[in-house]
Structure formats: C-alpha cells, structure tokens
Amino acid sequence: AELSKDNIISVLRSKSVAQEVIDEVERVLTAAQMARYTASMSSNPQADAEVLYNQTVTLINNLENQKL
C-alpha cells in the first residue's frame, strides 16, 4: 500500500478517528511537504522547524489517545 496523504486520511476515517485529528494530520503533512520541497521564506527556519516538530508531537499524542 502506498503511503500518501490521501491513503493516511482514508485509513484514519475508516478507524473513526475524530475529524479534528484528521484535519491536524492533513495540516502537519502539508506543512512537512512544504518545508521539504520549497525554499524557506521565513527569517527563522529553525523556529519554523521547531513549531512543526511540536505540532507533530501533539498530533502523535492525539492519535495515541484515539486508541486505534
């Protein structure tokens, strides 16, 4: 199975994960793709990376709390 944003979201929906968690997954994945493939326009890319990291940690905790 291909690991893509659409497939991840589809699996989360099939597992009845809360919509707000699915939305956060989509936001984090989109931000990670943007960070990977585009040059940073930010004056502080290190801070941007830290924010994305913290969002990802929170997201993982939320997913763990969903008891998949």
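These questions and answers walk through a predicted model of one protein chain.

In this predicted model, local features need pLDDT of at least 70 and side-chain atom pairs count only at pLDDT 80 or more, while totals for chains, interfaces and linings use all residues. Residues are numbered from 1 along each chain as its sequence is written, and side-chain values use heavy atoms, with hydrogens and water left out.

Q: How many helices and strands does the protein chain have?
A: Helices (H or I, at least four residues) and strands (E, at least two) are DSSP runs, numbered from the N terminus. From that end, the elements run α-α-α. The count is three helices and zero strands.

Q: What does the C-alpha trace of the protein chain span along its principal axes?
A: The chain has 68 residues. Its C-alpha trace is described along the principal axes. The span is about 40 × 25 × 15 Å.

Q: What percentage of the residues in the protein chain is buried?
A: Buried means under 20% relative accessible area, exposed over 50%, and partly exposed in between (1.4 Å probe, protein chains only). The chain holds 68 residues. Buried ones make up 16%.

Q: What share of the accessible surface of the protein chain belongs to carbon and sulfur atoms?
A: Accessible areas come from the Shrake-Rupley method with a 1.4 Å probe; for residues, only the protein chains shown count as cover. The surface of this chain comes to about 5300 Å². The carbon and sulfur share is 53%.

Q: Which residue forms a salt bridge with E24?
A: Side chains of opposite charge can pair when their charged atoms come close. A salt bridge is a side-chain nitrogen of Lys or Arg within 4 Å of a carboxyl oxygen of Asp or Glu. The structure holds one. Its closest N and O atoms are 2.7 Å apart, and the partner of E24 is R27.

Q: Which helix holds both E24 and R27?
A: The two residues are three apart, about one turn of the helix. The helix covers residues 19-37. This is helix 2.

Q: Why does E24 count as buried?
A: The cut-off for a buried residue is under 20% relative accessible area. E24 falls in that class because its relative accessibility is 19%.

Q: Is I22 buried or exposed?
A: I22 is found in helix 2. Its relative accessible area is 1%. So I22 is buried.

Q: Which residues is I22 in contact with, leaving aside its neighbours within four places in sequence?
A: Contact means heavy atoms within 4.5 Å. With the sequence neighbours set aside, the partners of I22 are I9, L12, R13 and V17.

Q: What distance separates the C-alpha atoms of I22 and L59?
A: The two residues lie 37 residues apart along the chain. Between their C-alpha atoms the separation is 9.3 Å.

Q: Which helix supplies the largest share of the lining of the second largest pocket?
A: On a 1 Å grid over the protein atoms alone, a pocket is an open set of points where a 1.4 Å probe fits, with protein on both sides within 12 Å along at least five of seven lines; lining residues have an atom within 4 Å of a point. Helix 1 (5-14) and helix 2 each supply at least two lining residues. The largest share, five residues, comes from helix 2.

Q: Where is S16 found?
A: Most residues other than glycine have a negative phi. S16 has a positive phi, near 60°. This residue is exposed, with a relative accessible area of 63%. S16 is found in the loop between helix 1 and helix 2.

Q: How far apart in space are E64 and V51, C-alpha to C-alpha?
A: E64 is found in helix 3 (residues 45-65). E64 is exposed, at 54% relative accessible area. E64 and V51 are 13 residues apart in sequence, and their C-alpha distance is 20 Å.
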